[in-house]
Amino acid sequence: MNAHKNTEPVLCVQGLRKDYGELRAVNGISFEVGPNEVVGLLGLNGAGKTTTISMILGVLEPTAGSIRIDGLDLAHHRSRALASTGFAAVYAPLPGNLTVYQNLRIFALLYSVKDFPKRAEEVLEEFDLKKFRDEKCGVLSSGEQTRVGLAKAMLNRPRLLLLDEPTASIDPASARDIRKTIRDFSQTKGVGVLWTSHNMYEVEEVCDRVMFLSQGEIILEGDPKALPAQYGKRTLEDLFVSVAREPMGMGDLEA
Amino acid sequence: MKLSRMLAIPLRQYYLYKGSTARVVPLLGWVTIDMVLWGFMTRFLSGLGQTQYRFVPALLGAVLFWDFMTRVMFGVTTAFFEDVWSRNFLNVFSSPITVAEYLCGLVTTSIGTSLVALAAMVVVATAAFGLSFAPYGLMLAPFVMVLFLFGIALGIAAIAIVLRLGPAAEWFVWPIPALMAPFCAVYYPVTTLPVAFRWIALLLPPSYVFEGMRAVVSGQDFHGAELVTAFALALVYILLAYWIFSRVFRHALRTGLLARYSAETLN
């Protein structure tokens, strides 16, 4: 699956930790995302997925550890590192009082997208948004707003794409199209994708590799198609439920 | 500093004004109401017989420039509030924009909106009440510049408060000009204040501006050193406000406030 295994990772996280006072939200995790690779970050609510993504996005300062995006240390080259990053999440819709096109125009400036008119048409086409071009985002359905968020995330042709439950509010047909679009984008453009989802069918379909996060630690990692069998489970969802119920007992599940 | 990233903020504000009458009306409405109200007030005061005091330029002019400073401050805060109201922090600050670029974007927005408001005030005050700045010409420019700088400083300090305390702290911001006005000698000389309060006026650049403007309008001498003091104070306040905002922003990054900035009130 991973066509460029030997090239430099687009995301390199080393010993990443986040403490909120006494609470340790993320506990020294390390992982990489390579180009052309889609990596799933799985875990229960509160496992540390969004905290991890927030740190990679530069909106949350780690207590310890380092993050390198496309070879650039985020702590020292924040702007340059984030310029090659795209982000979309269901909890971060674009301003509803601006039209789809206006939002894209503003984010094109923020990300210094050079050929904006052409690029805007491309992403509007890719996410089937042409008919909503001049509609205010606030009047769109939640699924349409999610697609606008994805269009914004792809606008700058990122090297690293961070998607936090990107298909959570989308109908199955649109979700399938979006998975294909992102998968193709990753494969053809050398993009690394970090994808969180609670939909195990989706994860199995789209991810090359998954990491199970529990209480701020990565407790399992591997190919989503092979992992369930390795741990004596029928499906990825069964494995997820086992991890959720007994996160600390994963060592007992023999591979 | 990248110009394109900075320009994203005023462009966003332009789109918002273009698409919303509800935003344009207050921009012009409040200042027009102020000019009309104070215009009639000055007309009434002029008719009381104190002919040696020129109420129109001294009082109506002062109100106009005070409103200008207020609009400069609100220009910064309102552009910031757009990100608060639309819960857009995560999208904006996960982009490559820096704090300095973001603040410059807010200031640029404020220049645009405050100039529009100033133009509206000048038109109303001139057409309806005969206010004219022509006799003073460029002498007023440094005064206006000090007010502009201080308005920017107030705006940046105000958004630092909102970023630190949460969206509900917006209500601390709106009364700031009204709380400061008594000490800024807008409507009366500093000597009118009780002695114990005069030191507050001395720390506020607008007090030098309005004292100076009254001196210019009544043909008295105005000491350049006081204008220099006002400039220096305004610059100090801008640096202080930038420092405070940077500290608050850093705190927001450390605590996760920026990543989840949507709660009603945060401590």
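In strand β6 of chain A, the residues A:T85, A:F87 and A:A89 point one way while A:G86 and A:A88 point the other way, and all of them are buried, a residue being called buried if 20 or more other C-beta atoms, placed from the backbone, lie within 10 Å of its own, exposed if 12 or fewer do, and partly exposed in between. The strand, which spans residues 85-89, is accordingly described as mostly covered, with 5 of its 5 residues buried. The model is a predicted one, in which local features need pLDDT of at least 70 and side-chain atom pairs count only at pLDDT 80 or more, whereas totals for chains, interfaces and linings use all residues. Residues are numbered from 1 along each chain as its sequence is written, and chains are lettered from A and ligands numbered from 1 in the order in which they are written. Helices (H or I, at least four residues) and strands (E, at least two) are DSSP runs, numbered from the N terminus.

Strand β6(A) is joined by 5 bridges to strand β7 of chain A (residues 160-164), and these two strands run parallel; strands are said to pair if DSSP finds at least two bridges between them. Antiparallel pairing is found elsewhere in chain A, where strand β1 (residues 11-20) and strand β2 (residues 23-33) are paired over 8 bridges, with A:V13 standing opposite A:F31 in β2(A). The hairpin formed by β1(A) and β2(A) has 2 residues between the strands, and A:G21 in this hairpin takes a positive phi near 60°. Strand β1(A) also pairs in the antiparallel sense with strand β4 of chain A (residues 64-69), over 5 bridges, and in this case A:R17 has A:A64 in β4(A) as its bridge partner.

Positive phi values also occur in residues other than glycine. In the loop between β2 and β3 (38-42) of chain A lies A:N36, whose phi is near 65°, and this residue counts as buried because it has 21 C-beta neighbours inside 10 Å. In chain B, the loop between α8 (176-180) and α9 (195-202) holds B:A185, which has a positive phi of about 55° although it is not a glycine; with 25 other C-beta atoms within 10 Å, B:A185 is likewise buried.

Helix α3 of chain A is mostly covered, since 10 of its 11 residues are buried, among them A:N103, A:L104, A:R105 and A:F107. The cover over these buried residues includes α4 (116-126) and α5 (142-154) of chain A together with α1 of chain B, where residues are in contact if their C-beta atoms, placed from the backbone, lie within 7 Å. Just after α3(A), A:S112 takes a positive phi of about 50°.

The crossing is left-handed, a term used if the near helix is turned anticlockwise from the far one by less than a right angle, and right-handed if clockwise. From α3(A), the residues A:Q102, A:I106, A:L109 and A:L110 meet a set in α1(B) that includes B:L7, B:A8, B:L11 and B:Y15. The residues of this contact divide into 7 nonpolar, 2 polar and 2 charged, where Ala, Val, Leu, Ile, Met, Phe, Trp, Tyr, Cys and Pro count as nonpolar, Asp, Glu, Lys and Arg as charged, and the others, Gly among them, as polar.

The contact between the chains takes 24 residues from chain A and 24 residues from chain B. On the side of chain B that touches chain A, helices α1, α4 (89-93) and α11 (224-255) each supply at least two residues, and α1(B) gives the most, with 8 residues.

Within chain B, the axes of helix α6 (residues 141-165) and α11(B) come within 8 Å and cross at roughly 20°, and these helices are therefore roughly parallel to each other. The residues of their contact divide into 25 nonpolar, 1 polar and 1 charged.

Conventions: Two residues are in contact if their C-beta atoms, placed from the backbone, lie within 7 Å. Axes are lines fitted to C-alpha atoms, for helices over the stretch in contact, and angles run from 0 to 180 degrees between N-to-C directions. Angles under 35 degrees count as roughly parallel, over 145 as roughly antiparallel, 65 to 115 as roughly perpendicular and the rest as oblique.
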